[in-house]
Amino acid sequence: IIIRWHSIVQSFCHKMAHMMDIDDRSTKKTINEQLPVEIRQSIDREITITIQNIKDGLRKSLEASDLDRGVDFYIKSLKRFLNLKHQLPNEDATLFIKMIYQLITLPDLDLSLGTKWADTLIHLLKKHKKLNIELPWRPLYAVISTHFHKRVGYTGRGIERAHASKMTSIAQAARPFFPPPAATEIYQEFKSYACPFDNIAFRSIGLMSLFLPTNPSKGFQTEWIPDASIE
């Protein structure tokens, strides 16, 4: 209750700060400083307990292979926590990013679950851009490539389109976290599809633009660039 009330007050003050052209971060800091010590300590305790409950719940649900109810419930709880604008420690953000990324890239995961969990993962990836983590690109590509073929059984087209859109957004948010050798691997993988006499070339170009990391500060390999320029 305290966390929700504190969030409502912060949201109102943030809107007022935006209208008055005041720095949002300084406003949040001022609000926290004005709160009584007891309330600030209580909020910090509730945040710590909430994060720990989510972590414990996810672990137990994964051990029981309860994806539909258990994992889904705690990822929704994490999403609500993030929507309250509270700071998530980097070590916890790293844990949640790796865990949800692995879940979403499971080869036989239900499309509706992957679509629902995608927003939480995208939020974490964009919010914590400076984390020192590496995410493999091939599992995500394997999930996206399933939309290039007809599926066995009935799946609504709306569900498929929503899932494909979310997976594309994840690729855009996750590519800064691909390991350094991934750039050359991605280029070599999709280069083989770049046949000028087949429409599959457009798919190759689209996948390159989607997956190729472009941030040189991450140490990505650039040996593929001259080869691509010549071609």
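When I say that two residues are in contact, I mean that they have heavy atoms within 4.5 Å of each other, and please keep in mind throughout that what we have here is a predicted model.

With that in hand, let me start from Phe211. Leaving aside its neighbours within four places in sequence, Phe211 is in contact with Trp137, Leu140, Tyr141, Ile144, Ala171, Arg175, Phe178, Ile186 and Phe190. Phe211 is also one of the residues with the most contacts inside the largest nonpolar core, together with Trp117 and Ile170, and that core has 52 residues. Eight helices each supply at least two residues of this core, namely H3 (37-63), H4 (67-83), H5 (90-104), H6 (111-127), H7 (138-145), H8 (157-174), H9 and H10, and among these H5 gives the most, with 8 residues. As general background, nonpolar side chains in soluble globular proteins tend to be buried together.

Let me turn to the pair formed by H9 and H10. The axes of helix H9, residues 182-191, and helix H10, residues 200-211, come within 9 Å and cross at roughly 170 degrees, which means that H9 is roughly antiparallel to H10, since angles over 145 degrees are counted that way. On the H9 side the residues that meet H10 are Ile186, Tyr187, Phe190 and Lys191, and on the H10 side they are Ser204, Leu207, Met208 and Phe211. By class, this contact has 6 nonpolar, 1 polar and 1 charged residues.

Now the charged side chains, where a search of the whole structure finds 7 salt bridges. In one of them Asp56 pairs with Arg59, with the closest N and O atoms 3.7 Å apart, and these two residues are 3 residues apart in helix H3, so about one helical turn separates them. Asp56 is partly exposed at 30% relative accessibility, and Arg59 is partly exposed as well, at 37%.

In helix H4, Lys76 and Asp72 lie 4 residues apart, about one turn of the helix, and their side chains meet in a salt bridge at 3.3 Å, N to O. Here Lys76 is partly exposed, with a relative accessible area of 41%, whereas Asp72 is buried, at 5%.

What does the salt bridge between Glu189 and Arg138 tie together? The side chains meet at 3.4 Å, N to O, and because Glu189 lies in helix H9 and Arg138 in helix H7, the pair ties together parts that are 51 residues apart in sequence. Glu189 is partly exposed at 22%, and Arg138 is partly exposed at 41%. Finally, salt bridges that share partners join Asp72, Lys76 and Lys116 into one network.

Key:
Residues numbered from 1 in each chain as written. Predicted model: local features only at pLDDT ≥ 70, side-chain atom pairs only at ≥ 80, totals over all residues. Heavy atoms only, no water. Axes fitted to C-alpha atoms, helices over the stretch in contact; angles between N-to-C directions. Parallel < 35°, antiparallel > 145°, perpendicular 65-115°, else oblique. Nonpolar A, V, L, I, M, F, W, Y, C, P; charged D, E, K, R; others polar. Core = buried A, V, L, I, M, F, W, Y, C linked by side-chain atoms within 4.5 Å. Buried < 20%, exposed > 50% of the residue type's maximum accessible area, 1.4 Å probe, protein only. Salt bridge = Lys/Arg side-chain N within 4 Å of Asp/Glu carboxyl O.
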